[in-house]
There are 2 protein chains.
Amino acid sequence: MIEYRNLRVALLGAGSVGSQVARLLLDQGDEFAARVGARLELVGIAVRDLDAKRDTDLPRELYTTEASTLILGADIVVELMGGIEPARGYVHEALTSGADVITANKALMATHGPELFEVAEQVGAQLYYEAAVAGAIPIIRPLRDSLAGDRVDRILGIVNGTTNFILDRMDTTGATLADALATATDRGYAEADPTADIGGYDAAQKAAILASLAFHTTVPLDRVHREGITSVTKEQVDAAREAGAVIKLLAICERLTDPETGEEGVSARVYPALIGRDHPLAAVHGAHNAVFVQAAAAGDLMFYGAGAGGVETASAVLGDVVSAARRHVVGGPGVAESTHADIPVLDIGRVITRYQITLDVADQPGVLAAVARILSDGGVSVETMRQSVPTATGVAVLSGTAPIHGAGAPTATLVIGTHEAEEAALAATVEVLAASDVVIAISSVLRVEGY
Amino acid sequence: MIEYRNLRVALLGAGSVGSQVARLLLDQGDEFAARVGARLELVGIAVRDLDAKRDTDLPRELYTTEASTLILGADIVVELMGGIEPARGYVHEALTSGADVITANKALMATHGPELFEVAEQVGAQLYYEAAVAGAIPIIRPLRDSLAGDRVDRILGIVNGTTNFILDRMDTTGATLADALATATDRGYAEADPTADIGGYDAAQKAAILASLAFHTTVPLDRVHREGITSVTKEQVDAAREAGAVIKLLAICERLTDPETGEEGVSARVYPALIGRDHPLAAVHGAHNAVFVQAAAAGDLMFYGAGAGGVETASAVLGDVVSAARRHVVGGPGVAESTHADIPVLDIGRVITRYQITLDVADQPGVLAAVARILSDGGVSVETMRQSVPTATGVAVLSGTAPIHGAGAPTATLVIGTHEAEEAALAATVEVLAASDVVIAISSVLRVEGY
């Protein structure tokens, strides 16, 4: 029994997500009407080029190039164009006209989120963006609503499917980064220009969004420390596997206290890190995403699922569409974005973390003591130090005895696991190690997470 | 800048969850006020006995035995008493008086949910119950809101921490059920009378709630097929481990088609089942919970976290309190429970599943053919048939040769994995096998899930 007038839904963009959203809106009209209490009417799809080839059979008359006209007549505007402009301008227009906006645009939300929330609040419109982070996985709503009575301390997210596919493939097949990337490209998991993914830019946008939401503050994208996976080597992945760990590209958002000032702050950062095999994130394979949340009361939570894909992302978009539509039917101004806190964003140097440092050293007496002194002088406490499985090298460094064979192998490999220390102290210590006479080369420096 | 009047919160029950909710409401008043836009005022805690010993330092003057009086003055009533009565009566009173109700009471929601939703809808009040299923894990809101634009096809849930702890311990330590239960009791994971947990009653209540919510229909508790873990043996767990699988107590909610009538239906059921080690649910250890959701568009999702515990469950309760409070501040009648569908609940016999059947058979020629004929006559197609690792028995059954040793071992063990078939056909076939001359004993029948 539908009593409410039809709700007019305008779609901006007809890519893989947009065309799935349109198809589901048209195909499942009765189902949506029952859930919402009003019929959702797809009034048009704004595209750049009416004649572009599209592999969908959506009615041609839905397409229009007049986005602004379409927006003006809509109750709900779904922005799936991607990129900053013209998406930002259209979202602005839509909110100003009083329409609710649903977007899957992480770049837009990471860079112009606060500005758009302000516009929304001024006119009493709503801005939804569940699909902007981790595709189909419900993470925005749980953070905003389910954990509204709790305090989020830390988020560890695998939020980029391409890099997770690549690192997982290196781990499971022993492939090099180049080979794994080639496979990802072949299978459609990586774009022709993979920079946004493997450079960590995509993950950094999501980290900015997650940190802002979780800590009720504003974390600008340019304050997110970002390292991609391009320097991850097969040797690092193999060594991690042997040590019972795995390398994942993590988006980390965390509350912390500035060690110097005692001031409360937050950190958002993206980098490849070692994580133990027994951590739930280690079991996230292929192009899947997962977000691990540590909250003061709720403890550890994890949200797992497909991070991308047209139809998967369309699910998240349509969940937001139904929420927005219900708000129209049942009334009420909805909930404004909650950014009541104003917490400083700390530099990466202030972060407390652990390192795993792999060194090639001269295989001779006294080396261990020299390395230990450098670490100690740098304020870095050592948790574990071991020589990697000897192949053509000796085992003299740790035992202090002579090499077990004399096959002219003058180097040994040391793997050092540090206790927690400030990132700045760790980084400085690594530089001193690199400059030391006894160190031949630093072959790997990785952060360790998930403790 | 708080402009709205204080919102009056009444608490019913002062157990482990209730006292944590009270403590957090009192300790984090400013934080909640900032998030809600109004101050949450804890006006009282209804208890049965004012003089009961309580290991909290909450102000004595908050306690009262006059629940009905407390309810009448409240904007938000939080019911944490558990059990059906008097909880049901109080929730009824609260909703009728126009208060929003938050409950963690799974027994109440599984048995009287529809009735209470109806009362809520009539008066425009809201009934929240995130904490009733899977403790701190946000699952109600994702199912109700995030997936509102999708179609949930199947839920596999580990929703009882006690039984997961027991089964996990049997798997990881080789303990018997009795020993694992004793450990669970020692560590506070099992109650003195563990029947509700190990009998599957608790999980069945959660299955009824999840199925009703996911399929927008009403699944009465007495239509949930329920088997506990009391018959799970160490031998079954060990055999599963050797075969790369693990036994979990699963709450399964699923859309299916009645094979006879072609009618669409739903099934809700709880039983211990085999699940492959590579399934995300297999990695859920200890007393953790997880809910695996398969949706038409979103694909596979999993929600993981603590399933119980006072402070963890308090997090879920407070998320609902904040949602309810925001509704007061921003207005609007909120969203009614969505049960527009009216789908029949099918009997367990109509369920399509797979079996693993372990048989002791006479170790002689012709046995395999006889067993195969029984399965074939029952309409059960065999996917795998293997002899379990021979110990004191021969290997003649499958190979057709004589036993490799003659140590007077007249029996062999057959492990049969079936293809999918109707539960009714599978059960009937197992009965025929049990009555057969060639079968000495049926040592294990387990369903296989997670395909």
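Biologist: In this predicted model, where along chain A is A:Asn160 found?
Modeller: A:Asn160 is found in the loop of chain A that runs between strand E7 (152–158) and helix H7 (161–173).

Biologist: Is A:Asn160 buried or exposed?
Modeller: The general idea is a cut-off on relative accessible area, where buried means under 20%. A:Asn160 has a relative accessible area of 5%, and is therefore buried.

Biologist: Which side chains make polar contacts with the side chain of A:Asn160?
Modeller: One polar contact, of 2.8 Å, links the side chain of A:Asn160 to that of A:Thr163, and another, of 2.7 Å, links the side chain of A:Asn160 to that of A:Asp197. If neighbours within four places in sequence are left aside, the residues in contact with A:Asn160 are A:Asp197, A:Asp202, A:Ala203 and A:Asn289.

Biologist: How should I read A:Lys106, and what does UniProt place there?
Modeller: The UniProt record, an unreviewed entry, places the feature "binding site" at A:Lys106. In the model, A:Lys106 is found in helix H5 (residues 106–123) of chain A, and A:Lys106 counts as partly exposed because its relative accessibility is 25%. Not counting residues up to four places away in sequence, A:Lys106 touches A:Ala132, A:Asp202, A:Gln205, A:Lys206 and A:Ile209.

Biologist: Turning to the sheet, in what order do the 6 strands of the open sheet in chain A stand?
Modeller: Strands of a sheet pair through backbone hydrogen bonds, in either a parallel or an antiparallel sense. In chain A the order is E3-E2-E1-E4-E5-E6, and the pairing is parallel. Strand E3 (63–64) and strand E6 (127–128) of chain A each have a single partner strand, so one side of each is left without a neighbour in the sheet.

Biologist: How many bridges pair strand E5 of chain A with E6(A), and what lies across these strands?
Modeller: Strand E5 (residues 100–103) of chain A pairs with E6(A) over 2 bridges in the parallel sense, and A:Val101 has A:Leu127 as its bridge partner in E6(A). Helix H12 (residues 310–330) of chain A lies across strand E1 (7–12), strand E2 (40–46), strand E4 (76–79), E5 and E6 of chain A, running at about 170° to E5(A).

Biologist: What is the strand order of the open sheet in chain B?
Modeller: The 6 strands of that sheet have the order E3-E2-E1-E4-E5-E6 (chain B), with parallel pairing. Strand E5 (residues 100–103) of chain B is joined to E6(B) by 2 bridges, and in E6(B) the bridge partner of B:Ile102 is B:Tyr128. Helix H12 (residues 310–330) of chain B packs on the sheet, and its direction makes about 170° with that of E5(B).

Conventions
Residues numbered from 1 in each chain as written. Chains lettered and ligands numbered in written order. Predicted model: local features only at pLDDT ≥ 70, side-chain atom pairs only at ≥ 80, totals over all residues. Heavy atoms only, no water. Helix = DSSP H or I, 4+ residues; strand = E, 2+ residues; numbered from the N terminus. Buried < 20%, exposed > 50% of the residue type's maximum accessible area, 1.4 Å probe, protein only. Polar contact = N/O pair within 3.5 Å; in protein donor to acceptor, adjacent residues only side chain to side chain. Contact = heavy atoms within 4.5 Å. Pairing = 2+ DSSP bridges. Axes fitted to C-alpha atoms, helices over the stretch in contact; angles between N-to-C directions. UniProt positions renumbered as here; feature names shortened; annotations may be inferred.
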